[in-house]
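Trainee: I would like to learn how to read a model like this one, feature by feature. Could we go through it together?

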Amino acid sequence: MTQDRPDASELVAAVREFLERDVMAATEGRVQFHTRVAVNVLNVVERELKLGPGLLPAERPRAAALLGHDGDADALARELAAAIRGGALDDRVDEVRAHVRATVREKLLIANPGYLPDDSAT
């Protein structure tokens, strides 16, 4: 259930904009650096609030399909990593590569979409 407006994403955006417009210009040195860090953190939080619900659930079914069973997302990720390290999925390298690429892309869309090639950011 969502609250009335402003919602969490709008609140984060408002604080980010305040830091960018007012605090950044009025500070220098260490405080300005930490303000820049805070702005970046708020950008990540804002993207996670907006994009996360649509992106994060996609990883689990892909991992489950590779492993042949479902489970907790974190447990599946650990098991998949162990299977990749152990060579258990070497015969399915194309499927593993597709899963890893999709997962990294989804994480970068939230963490820092600037790291994605222009054609991957949307």
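Trainee: Where is proline 6 found?

Mentor: Helices (H or I, at least four residues) and strands (E, at least two) are DSSP runs, numbered from the N terminus. Proline 6 belongs to the segment before H1, and the peptide bond that leads from arginine 5 to proline 6 is cis, with omega near 0 degrees. Please keep in mind that this is a predicted model, in which local features need pLDDT of at least 70 and side-chain atom pairs count only at pLDDT 80 or more, while totals for chains, interfaces and linings use all residues. Residues are numbered from 1 along each chain as its sequence is written, and side-chain values use heavy atoms, with hydrogens and water left out.

Trainee: Which residue does the side chain of arginine 5 meet in a salt bridge?

Mentor: A salt bridge here is a side-chain nitrogen of Lys or Arg within 4 Å of a carboxyl oxygen of Asp or Glu. Arginine 5 forms one with glutamate 10, at 2.3 Å from N to O. To describe how open such residues are, we call a residue buried under 20% relative accessible area, exposed over 50%, and partly exposed in between (1.4 Å probe, protein chains only). Arginine 5 is exposed because its relative accessibility is 68%, whereas glutamate 10, at 26%, is partly exposed.

Trainee: How many salt bridges does this rule give?

Mentor: The count comes to 10 salt bridges. One of them joins aspartate 94 and arginine 97, at 3.4 Å from N to O; these two are three residues apart in helix H5 (residues 93-111), so about one helical turn separates them. Aspartate 94 is exposed, with a relative accessible area of 57%, and arginine 97 is partly exposed, with 41%.

Trainee: How should I read the buried residues of a helix, and which are they in helix H3?

Mentor: One looks at where they point around the helix axis. In H3 (residues 59-67), the buried residues are Ala63, Ala64, Leu66 and Leu67. They lie on the same side of H3 because they cover an arc of only 160 degrees around the axis, where the arc is that of the directions from the helix axis to the C-beta atoms. Counting a contact as heavy atoms within 4.5 Å, these buried residues pack against helix H4 (73-86) and H5. After H3 comes glycine 68, whose phi is positive, near 85 degrees.

Trainee: Which residues make up the largest nonpolar core?

Mentor: A nonpolar core is a set of buried Ala, Val, Leu, Ile, Met, Phe, Trp, Tyr and Cys residues joined through side-chain atoms within 4.5 Å. The largest has nine residues, namely Ala63, Ala64, Leu66, Leu67, Leu76, Leu80, Ala83, Leu89 and Val96. H3 and H4 each supply at least two residues of this core, and H3 gives the most, with four. A second, separate core has six residues, including Val12, Met24, Val39 and Leu42.

Trainee: Is serine 9 buried or exposed?

Mentor: Serine 9, which sits in helix H1 (residues 8-26), counts as buried because its relative accessibility is 11%. Setting aside residues up to four places away in sequence, serine 9 touches Glu46, Leu49 and Lys50. Its C-alpha atom and that of valine 45, 36 residues apart along the chain, are separated by 8.0 Å.

Trainee: At what angle do the axes of H2 and H5 cross?

Mentor: Axes are lines fitted to C-alpha atoms, for helices over the stretch in contact, and angles run from 0 to 180 degrees between N-to-C directions. The axes of helix H2 (residues 29-55) and H5 cross at roughly 145 degrees and come within 8 Å. On the H2 side, Val44, Arg47, Glu48, Leu51, Gly52 and Leu55 meet Glu106, Leu109, Ile110 and Ala111 in H5. Sorted by class, this contact has six nonpolar, one polar and three charged residues, where Ala, Val, Leu, Ile, Met, Phe, Trp, Tyr, Cys and Pro count as nonpolar, Asp, Glu, Lys and Arg as charged, and the others, Gly among them, as polar.

Trainee: Which residues does threonine 103 touch?

Mentor: Threonine 103, in helix H5, touches Glu59 and Arg62, not counting residues up to four places away in sequence. At 8% relative accessibility, threonine 103 counts as buried.
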